[in-house]
Amino acid sequence: MIAVYFKGLMHTFPLFLKGLWVTILVSGVSLLAGTLLGVICGILRTVKKWGISKIMGFYADYMRGVPFLVHIFIIYFILPEVGIQLDPFPAATIALTIYAGAYISEIVAAGILSVPKGQWEAATAYGLNPFQRLRYVIFPQAIRVILPPLVGEYVLLVKDSSIVSVIGLTDVTRVGWLTVQRIPEGLMVFGLVGILYFVVCYPMIHLSHYLEEKVSYESH
Amino acid sequence: MIIFKNVNKWFGSLHVLKDINLHIHPGEVVVVCGPSGSGKSTLIRCINQLEPIQKGEIYVDGIQVNKRSTNLTKIRSEIGFVFQQFNLYPHLTVLENVVLSPIKVKKVPRKEAEENALRLLERVGIPDKANDYPSQLSGGQCQRVAIARGLAMNPKVMLFDEPTSALDPEMIKEVLDVMVELAQEGMTMIVVTHEMGFARQVADRVFFMDEGQIVESNTPDEFFDHPEHERTKEFLSKIITHN
Ligand SMILES: Nc1ncnc2c1ncn2[C@@H]1O[C@H](COP(=O)(O)OP(=O)(O)O)[C@@H](O)[C@H]1O
Ligand SMILES: [Mg+2]
């Protein structure tokens, strides 16, 4: 029996690869957009003016305080009530982007704040404008603090993307659900799903460890 | 060159500068001393608007700096500032530290900026450190790089905030020597320091600050030998026994 199931599973393997591609696509796009959003919000988080920092803080707290599943329901099932109807892919991408963006903004803000005040003062005293201060003085120093947890966040993003299967996006997790209805061997089917996630995440985990070591080694 | 008119500054409810009036002429060297917390750093940080002021006017070379319409970037690029803790950029080499603002702010071509930087490093006595990182340098060398970084902007005035206070004693002289030379070449300088030898050698005037006011202002010889105010005398007796 097992052998038959296994053969069947191998037969559906191309579907799994397609699902994996959807997973990579949805998390890849969200990763890029979320990083952009997170960097902007992270910088704004450090602006001590006009309550901007508070607003950004609330955004981050809200995203952290509400489960991702609920976010995606809001975007996919509740927004249509007010006339905003999105397909599963854009809905999933938007949900993942604003979710990851919140966490990334925290990481970026912490990195920026880790740079000593004297660096800001020197850059200011030497005539650099606010953008140049960030670009040439603050960011190159903050990036060492930012990178390891950022890559860690990317791993979480890939894994969290499995939740988007609930709105019908055929990612690798959903391929697993569909397959297990024909091949009732859960361990085998989801074992394969797990392996596929692992293949994507494992190199990233290593990269994160590597960056962590590199940073602590270099800071003397 | 630098004019303060009734300058007042508060940190919250703390009144740190009280009705400061002063006038510093081109080529003048002024030493500012006084007890810790008296407002010396704040005084010079107001000049390039690292600290905003709440009342009064500050002019640098005829331009009012505490006005919304003023191009602060331009003013700042004409003022060299040397910090107690150097504040060199640790991720950049010595040469890159010196050329960053000339290239990015003053739009000097890189080649020209680097040639100028090498000349300045030679002038402060560390021509061979151009490609080192600040973490590879001693404190005295760092502070000399910081001075070169200031000079690279071709500034009209150099401000120093206790430039030797963070240094090991054996490194103080190498930094002061550079500053003395600078003063003798005619640079306009405001120096917060308790180095009395430096003050006597090159200062035109010495200010004594206490509780946010300039209590006494005099030539160095008069200031050190015949202080007028009780508080000045008290302060001087303390730093003399310390030195
Ligand atoms: N950023 C700040 N916020 C609040 N108070 C400050 C700040 N900087 C300085 N002060 C206070 O202002 C006073 C003057 O400080 P400062 O100008 O640094 O004195 P000095 O350089 O003479 O030691 C001190 O009482 C100090 O505690
Ligand atoms: Mg001070």
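1. In this predicted model, 24 residues of chain B are in contact with 17 residues of chain A, contact meaning heavy atoms within 4.5 Å. Chains are lettered from A and ligands numbered from 1 in the order in which they are written, while residues are numbered from 1 along each chain as its sequence is written. Local features need pLDDT of at least 70 and side-chain atom pairs count only at pLDDT 80 or more, whereas totals for chains, interfaces and linings use all residues; side-chain values use heavy atoms, with hydrogens and water left out.

2. Chain B and chain A bury about 1700 Å² between them, of which 58% lies on carbon and sulfur atoms. Buried area is the accessible area (1.4 Å probe) that two parts lose on being put together, summed over both.

3. One salt bridge is counted between chain B and chain A; the term requires a side-chain nitrogen of Lys or Arg within 4 Å of a carboxyl oxygen of Asp or Glu. Arg45(B) forms a salt bridge with Glu121(A), with the closest N and O atoms 2.8 Å apart.

4. On the side of chain B that touches chain A, the elements giving two or more residues are α2 (72-76), β6 (79-82), α3 (94-104) and α5 (139-151) of chain B. Helices (H or I, at least four residues) and strands (E, at least two) are DSSP runs, numbered from the N terminus.

5. The count of disulfides over all chains is zero, a disulfide being a pair of cysteine sulfur atoms within 2.5 Å. Cys41(A) counts as buried because its relative accessibility is 7%, and Cys201(A) counts as buried at 4%; buried means under 20% relative accessible area (1.4 Å probe, protein chains only).

Definitions and conventions: Buried < 20%, exposed > 50% of the residue type's maximum accessible area, 1.4 Å probe, protein only.
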